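Please keep the sequence and the model in view while reading.

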Amino acid sequence: MTDATKTLLHPFETGMLDLPEGGRVLALNATEPLARGLKTSNVDAVQDFRPEFLKLERAGCRVTPDVDGKDYALALVLCGRHRQMNEHYVLEANARVAPGGLVVVAGLKTDGADSLRKRLKDRFEVEGQAAKHHGNVFWFRADGAPADTLETVVVDGRFETRPGMFSHDQIDPGSALLAEHLPKDLHGAVADLGAGWGYLSVEIAARCPKAKRIDLYEASHAAAQAAEANMKRLAGATASTTRWLDVTSEDPRERYDAVVMNPPFHTGRSGDPDVGKAMIAGAWRLLKPGGRLLLVANVHLPYEAELAEKFSASGLSARESGFKILWARK
């Protein structure tokens with residue numbers, strides 16, 4: 001259980017707050033330990049990130065990737081790293097709880113939970129607060145006011161994104177470098193793993209005329225929706241399918257001539273090359289014999305050994321501006 005989850009549970013475990021008797025509880029950005037720690041089955045969990053969604057599902061929780069429903073007795077908000085998303089979750093929680101019901105918000109100090117409380121003090125009257133487990137928790141009474149939708153951001157005059165997505169306000173420089181080094185003979189069925197809001201797939205469609213089909217795989221539900229819309233609008237002539245799927249643990253049972261990816265390497269605020277290594281293993285599973293993988297990574301990430309171990313051949317295509325382009329053939 002993370003410290004942020006412990007912080008959110010703290011008021012209930014210490015008797016500062018009580019769970020409603022018989023009323024439904026909404027948990028935004030929910031985790032499986034949070035749902036388990038509440039000790040009630042009457043929780044509707046919302047989780048956009050596929051690996052956490054699957055954990056909740058396997059635990060028997062009711063879980064959806066999008067906020068739905070109204071007139072909840074209580075809402076819980078677990079803050080993350082994105083300031084605008086945290087505010088959006090709080091306003092969604094306020095809109096979904098019956099007027100007078102509690103909204104409880106918690107997060108780590110490093111995620112700005114206390115500054116979030118201060119920013120919202122003119123909007124809501126904070127009824128209580130506590131600091132525990134390296135985080136802050138506060139709560140207020142909902143007034144049921146509708147929440148505004150997240151603003152649409154237009155990147156490079158073409159791509160529509162929203163706050164909370166990776167690099168939502170600019171083209172990621174690593175992805176841009178990989179696009180510049182896409183081989184012209186990339187052909188057949190291509191998979192884009194960790195596709196984000198669709199930049200690389202749109203570039204593949206534009207730069208690689210022999211690519212007959214591009215399938216996009218993304219673990220964020222919101223980003224997957226944006227990627228699908230961007231592909232249809234900007235590369236509609238190329239056959240494509242977008243899937244909300246965790247390629248490190250789920251097998252779509254499709255096989256590809258090529259895989260491209262810009263794997264994430266952060267869990268929370270710390271670097272974690274194991275995420276990229278798991279995606280390399282997923283790419284190997286998805287490739288046909290002789291198929292090739294192209295990936296971009298920060299120069300310090302140790303992916304070469306993983307590629308050499310799993311693939312029949314691998315190497316370096318380019319090194320520039322703190323990034324490297326690696327290739328491998330199954």
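Helix H1 (residues 3-13) is largely enclosed by the rest of the structure, because eight of its eleven residues are buried, where buried means under 20% relative accessible area, exposed means over 50% and partly exposed lies in between, computed with a 1.4 Å probe on protein chains only. Helices (H or I, at least four residues) and strands (E, at least two) are DSSP runs numbered from the N terminus. This is a predicted model, in which local features need pLDDT of at least 70 and side-chain atom pairs count only at pLDDT 80 or more, while totals for chains, interfaces and linings use all residues. Residues are numbered from 1 along each chain as its sequence is written, and side-chain values use heavy atoms, with hydrogens and water left out.

The buried residues of H1 are Ala4, Thr5, Thr7, Leu8, Leu9, His10, Pro11 and Phe12. Among the elements that cover them are helix H2 (32-37), strand S4 (72-78) and strand S5 (97-108), together with strands S6 (126-132) and S7 (135-141). After H1 comes Gly15, whose phi is positive, near 85°.

Strand S4 also holds Val77, which counts as buried because its relative accessibility is 0%. Leaving aside neighbours within four places in sequence, Val77 is in contact (heavy atoms within 4.5 Å) with residues including Leu8, Leu28, Tyr89, Val90 and Ala93. The C-alpha atoms of Val77 and Val90 are separated by 6.6 Å, although the two residues are 13 places apart along the chain.

Val90 is also one of the residues through which H4 meets H5: Arg83, Asn86, Glu87 and Val90 in H4 touch Leu116, Arg119 and Leu120 in H5. These contact residues divide into three nonpolar, one polar and three charged. Helix H4 (residues 83-96) packs against helix H5 (residues 113-120) at an angle of about 55°, with the axes 11 Å apart. That angle makes H4 oblique to H5, since angles under 35 degrees count as roughly parallel, over 145 as roughly antiparallel, 65 to 115 as roughly perpendicular and the rest as oblique.

Helix H5 also contains Arg117, and helix H10 (residues 304-310) contains Glu306. Each has a side chain that makes a polar contact, listed below; such a contact is a pair of N or O atoms within 3.5 Å, and within protein one must be able to donate a hydrogen and the other to accept it, while residues adjacent in sequence count only if both atoms are side-chain atoms.

| Residue | Side-chain partner | Polar contact distance |
|---|---|---|
| Arg117 | Gln129 | 3.2 Å |
| Glu306 | Lys310 | 2.9 Å |

Arg117 counts as buried at 16% relative accessibility, and Glu306 counts as buried at 14%. Beyond neighbours within four places in sequence, Arg117 is in contact with Val126, Gln129 and Phe138, whereas Glu306 is in contact with Lys277 and Ile280.

Two loop residues deserve a separate look. Most residues other than glycine have a negative phi. Asn29, in the loop between strand S1 (25-28) and H2, has a positive phi near 60° and counts as buried at 18% relative accessibility. Ser167, in the loop between S9 and H6, has a positive phi near 50° and is buried, with a relative accessible area of 16%.

Note on methods. Axes fitted to C-alpha atoms, helices over the stretch in contact; angles between N-to-C directions. Nonpolar A, V, L, I, M, F, W, Y, C, P; charged D, E, K, R; others polar.
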